[in-house]
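Trainee: Please take one part of this model and go through it closely. I would like the packing described together with the criteria behind each term.

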Amino acid sequence: MDEEILALADDFPTPSHADWLAAVDQVLAGRSFDVLRSTTADGILVEPLYTRNDEHPVEQYPGPGTSRRATSVAGLTGGWDVRQRHGLTTPAATNAAILADLTGGVTSIELLTAGIGDIDTLDAVLNDVRLDIAPVSLWGPGDGIGQAEWFLDLADRRGVATAELGCDLGCDPIGRLADHGTAGRPIDDALAALAGLAVGRAAPYPRARVARADGAPYANAGATPATELAATVATGVAYLRALTDAGRDVADALDDILLCVTVGTDQFGDITKLRALRVVWARVAEACGAPDHRATIQASGATSVMARRDPWVNLLRGTLGCFAAAVGGADIVVVRPFDAMLGVPGELGLRIARNTQLALMEESNLHRVIDPAGGSWYVEQLTDRLAEETWHRFQELERDGGIVAALRAGALQRRIRESWAETEAAVASRRTTVVGVSDFAHLDEEPLEREPYPSWPGAPGAVECEPLPVRRLAEPFEVLRDAADAMERPPGVFLANLGPASAHRARASWAANVFGAAGIRAIDRGGFDDDEALATAFAAAGTPLAVICSSDEVYRDRAASAAAALARAGAARIYLAARPGFAAVDGVDELVHAGGDVLDLLRRAHDMLERTPEAR
């Protein structure tokens, strides 16, 4: 029997872009089309729709050098390097955790060397670790030269063949300068020592990368993606100059550098961040005469998006960052354990962190497709714009004398403070939300206890620049939660619900969510049709705070009389849950609305609770 192919789309006209715009105009009903547009933290315009007119010509496969699509012709089809971070607690405990990770599927270790003061301690930490099989990446205080030399001495002590030792020695004096204001010695001396290590002690090891150009100090201080990438590239270029000035061949010097960036919770932003980094770094390599250079990029979970409160949500943050890293083509991925903000990660946190990567690789098969986001009109446009902005900011740093000069002058710190101020305002208004902290706070969570991190002394040295702080989005709200926990009795806000549930429920739930972000529990006694009953219920609640919740129609009839009744009953602060721009109501002290500075409102609510005896 002959089969007839039925083309279902043939009976439908193909809409044009103009047809779509006309349909949008009807929905907007006179509002500007610009309400559908948005901008990134770097000022890059994001359109609501991308079409074939925005198509970017993309090579079908990655070429022999670094391209936006991958750093090798095969992409990640062999899988990425599953790396786990460990810091020193005791040598025996750290060693046990490292061996458990390697047995459980981790393929390399990132070792924080703070507290490791000699080769024997390093040997104990890495006991039974096959250095020729499991690469080790070092990361520590100061310029890292001493720890790198101990590691190479340890490899010699164990008889590891020079050709078989794969490692990242992790020397990043500029990163430590940004982090702490000092690299442990004058930065110029540290750069000279880095170059000396590359052409001297580390030269016989072809698989040992010496330098680490890390964007984490900038990202975790509040830098935008373009600033983070520009600082990373500028750091890499500074190391490239130091290495080549010492006699290192350009191609070998490029291979000596590991590029590190952060990934957080902006899925498409982080995918394009990795792709844009490859675009910019490929341009650097080409300008240096090495167009076939294959960059190695590590993507690590950002500290800035992690939370101490409701830490289980960090599992989602880590998964999202890992997904973006894999789709974006990172060669090495580090997922932060969900309990890393509470202290030394426990066995559960480490196991889930590594299994997040293994599940996305072995079950979701993210590595089986080369550059799965490639060809997307949105992703390609965002990659182009981010690469252009990164190159522009990198050139600014170079014109200022390079990354070190910019840090010494404070120019980079000022730019990051400005971008953080915008981020902070977005968090305060909950336009940027931290689930489980600024939104949907879990006030009855069972606290997790973790061993505190050891307090290791940092590397001594004269301060050469203003150090960059570590900032977290959740921290301002967590401070309020901690203050609420310290109060003699749980702080509360009375929900003055007017009318039936159909009128007040939506705003009552929203108000409870807002105050819960500060650890202030909602006291809900249902709806009230009578102001005296409302006042009686409030007086029995034992709190000086009340928020009136209902519909706009009910507000017009009853909000003023309800506020007066609450004031007579002793309310010290009366809020009204309303839409932005709602008219002032007699007796109401403050409107609570979406888009307002919620953090400031909650801080003042805490002050009121502290000043009011009956709240304590």
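Mentor: The axes of helix 5 (residues 173-180) and helix 6 (residues 187-199) cross at roughly 150° and come within 9 Å. This is a predicted model, in which local features need pLDDT of at least 70, side-chain atom pairs count only at pLDDT 80 or more, and totals for chains, interfaces and linings use all residues. Residues are numbered from 1 along each chain as its sequence is written, and side-chain values use heavy atoms, with hydrogens and water left out. Helices (H or I, at least four residues) and strands (E, at least two) are DSSP runs, numbered from the N terminus. Axes are lines fitted to C-alpha atoms, for helices over the stretch in contact, and angles run from 0 to 180 degrees between N-to-C directions. Helix 5 and helix 6 are therefore roughly antiparallel, a label for angles over 145 degrees.

On the helix 5 side, Pro173, Ile174 and Leu177 meet Ile187, Ala190, Leu191 and Leu194 of helix 6; contact means heavy atoms within 4.5 Å. By class, this contact has seven nonpolar, no polar and no charged residues. Ala, Val, Leu, Ile, Met, Phe, Trp, Tyr, Cys and Pro count as nonpolar, Asp, Glu, Lys and Arg as charged, and the others, Gly among them, as polar.

Helix 6 also lies across strand 6 (167-171) and strand 7 (208-214), running at about 150° to strand 7. Both strands belong to a closed barrel of eight strands, 3-4-5-6-7-8-9-10, with parallel pairing; two strands pair if DSSP finds at least two bridges between them. Neighbouring strands of this sheet are turned by 30° against each other on average, direction ignored.

Conventions
Parallel < 35°, antiparallel > 145°, perpendicular 65-115°, else oblique.
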